[in-house]
Amino acid sequence: MARCDEAFANVAIHIAGGAVLSAFDAGALTLLFLIGLLVAIMLWPYYNYTFRFDPKKLPQDFVDQHPPATVHGIHRALALRIKSDMASNWRIIQRLRVALQLALFLWLLDLLAWLFAIARI
């Protein structure tokens, strides 16, 4: 069993380039990985956004009716549609906002960890 542990340690040292990571180095690398994960979450494409008006549907909804909708009626309907779209997008926007705030916090911790690792405090 000791030979297995020794072999594992040799492989780990070989992968690390012979350098043993300090606690600050390991912490900084972990934070860097978490920041990368949050960036991936933020950049992941969301197809659930609803803020577009369908050009084919707008004339059908307002102009092609008998009688056609009034300008006041069109403004009111579009305002209600925009408000509905804003409410449905709120969860996605809130998730991105939280990810940005968490990434900023982790980035500041990562910066401190690297500074402590460089200074060997």
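User: How is buried defined, and is aspartate 110 buried or exposed?

Analyst: Buried means under 20% relative accessible area, exposed means over 50%, and partly exposed lies in between, with a 1.4 Å probe and protein chains only. This is a predicted model, in which local features need pLDDT of at least 70, side-chain atom pairs count only at pLDDT 80 or more, and totals for chains, interfaces and linings use all residues. Residues are numbered from 1 along each chain as its sequence is written, and side-chain values use heavy atoms, with hydrogens and water left out. Because its relative accessibility is 5%, aspartate 110 counts as buried.

User: Which residues is aspartate 110 in contact with, leaving aside its neighbours within four places in sequence?

Analyst: Aspartate 110 lies in helix α4, residues 71-119, where helices are DSSP runs of H or I with at least four residues, numbered from the N terminus. Taking contact as heavy atoms within 4.5 Å, and leaving aside neighbours within four places in sequence, the partners of aspartate 110 are Ala28, Leu31, Leu32 and Ile35.

User: Where is tyrosine 49 placed, and which residues does it touch, not counting those up to four places away in sequence?

Analyst: Tyrosine 49 sits in the loop between α2 and α3 (57-62), and it counts as partly exposed because its relative accessibility is 28%. Its C-alpha atom is separated by 7.9 Å from that of aspartate 85, although the two are 36 residues apart along the chain. Not counting residues up to four places away in sequence, tyrosine 49 touches Asn89, Ile92 and Leu96.

Conventions:
Helices (H or I, at least four residues) and strands (E, at least two) are DSSP runs, numbered from the N terminus.
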